Amino acid sequence: MTPQALRRKIKAFEATPPITRSFERALTKQGTWSPEGVWYRSQKEHWRGWLSEYDGPGAYGRKTSVVRSAEFAYNHVVCPPMVLWLGEASGVKTSLIMQAKKSALGASRKLQGKCAAIRRIVPWSKIEESLLNSATTDGLTHPYSIKELLRAVRRLPATAPQSDKLSMGGYETHQDHWIGWLKEYDGPGYYGRSGWNVDARTVYQRLANGRMILWLSEAAGEDPKRIKAAVTAMKRHGNGRKQAEAKVVRSHLPWEQVATRLFK
């Protein structure tokens, strides 16, 4: 998931949920954190402002030559209420949020230590699970059909500079591969599918071809820096295994991100 996809998802979340509010009060009483003098009125506003500039240096002097994921952003936050808020607002189990709050209050007085205490109990995997199950997907809950995806693929340019350097598996273009695959998706096809009455998102999630996924995003107009980062990660962490490569690429180029460009 990208920082901008995360920003869209939290748009409709509650700004001041109760556990985070009480956590802020407790931290202020401890003298380890204070809402005085900050530019934001809630941790939701803090998150949205922070993520809005995550592709640039922002107020924290981030390096702009490296494309970061939402997971990276979450793991590098050094504001304890901000970390806890995302878990609570996204719907992580209340028992875990309460446990994380208690652990953070008992941790080191340093902000980094308190954030680490929260993340040990509410890791990114818990956040992501809640985000993916959330109904607040900024309009992308629409179940686009396979036919709609096929029409969108046909409208894209057949060539894309970075994807064209990758193996096309015997097809003339990655677009040809997509079209051939989608045209026969209402049956078992070459791959012997047992279930094909699904939507476009499911097709994207099931695809075990990182190169096809890369082309789809690149041809749809994704930022070249993100494409380059996904290619690098695929080669570094995919270990030449199709399923692993596809999983790595999807972590950089999630369906929600692709859909905003395909169906705009």
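How many aromatic pairs does a search of the whole structure find? The search finds 8, where rings of Phe, Tyr and Trp (its six-membered ring) count as a pair if their centres lie within 6.5 Å, with planes under 30 degrees apart called stacked, over 60 edge-to-face and the rest tilted.

## Basis of the report

The structure is a predicted model, in which local features need pLDDT of at least 70 and side-chain atom pairs count only at pLDDT 80 or more, whereas totals for chains, interfaces and linings use all residues. Residues are numbered from 1 along each chain as its sequence is written, and side-chain values use heavy atoms, with hydrogens and water left out.

## Aromatic pairs

One of the pairs is formed by Phe-13 and Trp-85, whose ring centres are 6.4 Å apart; their planes stand at 55°, so the pair is tilted. This pair links distant parts of the chain, 72 residues apart: Phe-13 belongs to the loop between α1 (3-9) and α2, and Trp-85 to helix α5. Helices (H or I, at least four residues) and strands (E, at least two) are DSSP runs, numbered from the N terminus. Both Phe-13 and Trp-85 are buried, that is, under 20% relative accessible area, with exposed meaning over 50% and partly exposed the range in between (1.4 Å probe, protein chains only).

In another pair, the rings of Trp-178 and Trp-181 have centres 5.7 Å apart and planes at 75°, so the arrangement is edge-to-face. Both residues lie in helix α10 (residues 174-183), 3 residues apart, which is about one turn of the helix. Trp-178 is buried at a relative accessible area of 0%, and Trp-181 is buried at 8%. Ring pairs also join Tyr-144, Tyr-204, Trp-255 and Phe-263 into a cluster.

## Helix α2

Helix α2 spans residues 18-30, 13 residues in total, and reaches 18 Å from its first C-alpha to its last. This is close to the 18 Å expected at 1.5 Å a residue, the expected span being 1.5 Å times one less than the number of residues. After α2 comes Gly-31, which has a positive phi, near 80°.

The buried residues in α2 are Ile-19, Thr-20, Ser-22, Phe-23, Glu-24 and Leu-27. Their cover includes α3 (43-52), α5 (80-90), α6 (94-105) and α7 (111-121).

## Ser-90 in helix α5

Ser-90 is found in helix α5 and is buried, with a relative accessible area of 8%. Its side chain reaches the backbone oxygen of Gly-87 at 3.2 Å. Apart from residues up to four places away in sequence, Ser-90 touches Phe-13, Trp-85, Ile-127, Ser-130 and Leu-131, contact meaning heavy atoms within 4.5 Å. Among these partners are Phe-13 and Trp-85, the two members of the tilted pair.

Leu-51 is placed in helix α3 and counts as buried, at 0% relative accessibility. Residues up to four places away in sequence aside, Leu-51 touches Pro-3, Gln-4, Leu-6, Arg-7, Ile-10 and Ala-73. The C-alpha atoms of Leu-51 and Ala-70 are separated by 8.8 Å, the two residues being 19 residues apart along the chain.

Ala-70 is also one of the contacts of Thr-2. Thr-2 stands in the segment before α1 and is buried, with a relative accessible area of 2%.

Key:
A polar contact is a pair of N or O atoms within 3.5 Å; within protein, one must be able to donate a hydrogen and the other to accept it, and residues adjacent in sequence count only if both atoms are side-chain atoms.
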